[in-house]
Amino acid sequence: MAPKDRRHQEINNKIRKIMKNVGDDILIQGIMPSLEIPKVGYDNTVWSDEKRMLTIGNKTVQIGPNSSKKIPTFAQYLVMANAIRKLLDEEMESTIRGMYYATLSTVGDEKNQQKFWSGQDDSDDAIKAIELLTNVPREEFSVTSKPKGMISGPITLSVGGDLIDCNLGSRATSQLIPTNIRDLEIVKVKADFVMVVEKDTVLNNIRKSGFIQKYNAILLTGSGEPDRATRMMVKVLNEKWKKPVVIFADADPWGLGIALRYKIGSESLSYDSDRLVTPNSKVLGMMFSDIYEYNIPKVARLAATQEDLNRANDMKKKPWLQDKRWKRELNLFLEHKEKCELDAFFKYGFKYLADTYLPNKLREAGVI
Amino acid sequence: MTSKVTTEVLEKGTKQVKTILQIAQKQKTKIRYDKKAESEFFVDNSALAGFTGERILYMSVRELIENSLDSCEINHILPVIHLRLKLLDGLNDLWTISCKDNGIGIPSEKVPVAVCSFLTSGKYVEKQQRGLFGVGLKMIAAFSTKDTDHPLRVWSKSEEESQCYFDLRTDIGTNKPITLFKKNVKNDESQIEGDSGFKVEAVLRAKLSPVTKNKIYDYVSQTSIVNPYAIITFETDEGKVTFKRRTEIMPNPSREVLPHPYDMDLKTLKKAILNFMNQKTTLQGILSNSFQKMSNDKAKEIITRAGLPIKPADKYDEHELIKVVNVCKHTKFQSPNTDHLSPIGEKILTVGMTSEYSIILNKETGNSGSQTQLSAKILKPALTAYSSRICIVNNRPTIVECGIAYGGDIPSFKLFRFANKIPLLYDEGSDVAREVISEVGINKMGISKKEVKEQYSHVETKSDRTVEYLPIHIFFHICSTKIPYKTAGKESIASEGDLKKYMKSCLSDLYRKVSAQIRRELKLKEDENKLRLYKHYIPFIIDAISESIKIDSKKLSIAFQNLAERYVSGELTNITKQIFPDSNQKRNQINNKKNNDKKNTVNNDNGNENNLNKFDTRTSVPKHGNKTKLDKINIHRKITKK
């Protein structure tokens, strides 16, 4: 049974092509099959001046059943590819965890039995490998992750034809950003700009204060590390709907990393930057320098952990973080060894963040 | 008197208390100086000879087998030993133990003392023998006398004598034998078939725990490893096993030698002089005739350096003689000779290692509950190696022998320790061999810890020493007339003098010797693991492909399996680079290159082709591998011919 969707047919053809090549290698050529996959990670991540984002380099890895370590990996990739093909044939969708369960099994005889996947990380890696092999993002396979991004503000979405107005009058809730992006469409955007914050707790505080209505803004959060749908939403709003995007995260290396995820991309998804990164977005806060400019009370500052310091030192070395502004901020952090969360502004009153800090920053940046 | 003491105590308390104490002490310290018979001493201090509660039967087995082997080897007789251990009376823990050999036997008039009187032995000479003290058999006799009313039954036939039979008990109080009954054995009642031999049967009261029982089994099977020229039959309530004779080569018997001057003391010197009492020999002559490595000139030099006047040898007093002893300690002599030692030797140990018997208990569950059945299995290793060193420990020449058996039927690591051909089974943890094994790195075998752990990840070992992951048996044999035992029980050897250094160099030497083969074995193991991985994962791959595209899955599966086998055997060296989504041109280029490579490889090693021609189970692969392996090792080929 072939899927009706033409795009799905294309993907399935790509998967069949992989299978055919492997089969031909074995049957016709009589050689060990091998899959060449672009290498993902720091040493194959390249900064593109032109695109102003992280992109993937030329390095590749060979995955073939030619070493004890790669035999299982090779089998895992093919099993996952076949599972994706089935998913598309059946016109179903699944989360990455669902794919893990769909392909669970045990390997070996009674004496040497082990699990096919040692954990979901393994199956997530296999899904990534199929994305790289087919050059198709997994959302197109209808394989998604659990939604965790949230959006609030004057924007109307269409999800599979159902209209959702995110300008919720109650100020009491936000809309989850759906991860099945193939079914997602932005219908109408009335906002003047888009503000991304790191955490949902901060988003809730800002929304409750009436910030959306006062400044005609869309509020967005990835609830920590943003998923792909959230990143794509930000990009589309910025590039298709021409809305300025500003980003606020905690003043710690982790928060800065998340903010930069939106702006320049990440090493682990460098192959998909074209779809996910918003180079025109502005990271406005919270800067390490803000701790001292806004004189955050000592009691609300946190001591940096060794992990934080290591992370900051790592970041300093990355070729794409040689910008003076980031270097200055990182050095400030390494010098004072203090970090601070956006929530720290609550120490000045629950409305201080939305009423004073954010407008100040936005005015400085000329957004309002 | 009492009242007087009381008043005095009241008057000058402490002094009086002292006096009373002194009186009391005087009464206590009255000591009777008795002479204790040797037999009584050893029965009271049985631990000195290792006869402690749990170990009585183990020690008895040990002593009897050792006596029998010594008795055969002394005249170069290929030993045939029959050992029996049976429960006689379970209620009273009575066991019958008997041992029969074809050794030289004991002359009939000497039998009672040789069996029952402690410290009577034909072995008090300077040469290597298993037993030395004349205690073992006597201990069995004394325990039997002490704990039971059964006599010790003895059959003996020494050369040119007819077979005689004795019922014996020990008079523990006087160390004298009691002969209850004695007769010449008629032909139809004969227990000893050959020209000579000895059989003893005793009843002992002892408990046998499963642990000790296993030690006895271990002892017998390990004895057969170092005595592959002996036929040993072992019979218990659980069944009967026979360790066959695997070679007719026997080690050269050890010869009695003169003491080395380094070992001279006042006692040995006086004894030497006494030996020459009746002949008019000078001290110089006595020295050169009584000690090895002592020439006439050397003896003269020593006497001169000691500053002694010339006079008849028996006229020197102890003050003069001690000077001779002292001078000897500071004089350089040639190293002592090793004629009095009897190492196992490369040939015999190799036979032992390649045909190692292990006793197996098969549990059979029938109608009458579970029953154990004894059987013996030969473990054939894939390769063996041998190395030895002669060294001086404690001024005594000592021979260190070391052997390795690897792979094949050997399931896991095991250390075997022998001292003068006696297996040591207890206290392994404190033995010098243990230290030696921990301190010699396996990198000398040319393999890394990581490789070993990868290939043998399933091995369960309490130790983190890498060598214990390997299926390897390591054998150490120390022979010397004075083994540096750690304890009186003679179960572990201390790291004395340079012993450890020599053992280490021996083991390192062996590791190097086997490195090439072990590497090959490990490669084989790796291949085996790889083939297993293929076997387990290929079905997943085939399913994924055949569900996605139209393809003959059976044909594909067979082709893939063949491919995997060829790949593992090294026939297929390169893998292609498959470029995705597709770039056929590049693909073809690589394929062409690949075909060329393939031609080269095939030309280079034709021999490898048959190495692994069967894909499939784990058992079939190593067997095949071992066959080719064995041919490559000289030692093994010789044995196979025999």
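The structure is a predicted model, in which local features need pLDDT of at least 70, side-chain atom pairs count only at pLDDT 80 or more, and totals for chains, interfaces and linings use all residues. Residues are numbered from 1 along each chain as its sequence is written, while chains are lettered from A and ligands numbered from 1 in the order in which they are written.

I begin with the sheet. Chain B holds an open sheet of five strands with mixed pairing, in the order β11-β12-β15-β13-β14. Strands here are DSSP runs (E, at least two residues), as helices are (H or I, at least four), numbered from the N terminus; two strands pair if DSSP finds at least two bridges between them. At the edges are β11 (383-393) and β14 (422-424) of chain B, each pairing on one side only. From one strand to the next, the twist averages 20°. Strand β13 (residues 414-419) of chain B runs antiparallel to β14(B), and three bridges join them. Phe418(B) stands opposite Pro423(B), which belongs to β14(B).

Next, a helix. Across β11, β12 (396-406) and β15 (472-479) of chain B lies helix α12 (residues 346-354) of chain B, at about 135° to β11(B). Axes are lines fitted to C-alpha atoms, for helices over the stretch in contact, with angles from 0 to 180 degrees between N-to-C directions. Contact requires C-beta atoms, placed from the backbone, within 7 Å.

Finally, the two chains. Their contact takes 38 residues from chain A and 32 residues from chain B. On the side of chain A that touches chain B, α1(A) gives the most, with 14 residues.

Technical notes:
Contact = placed C-beta atoms within 7 Å.
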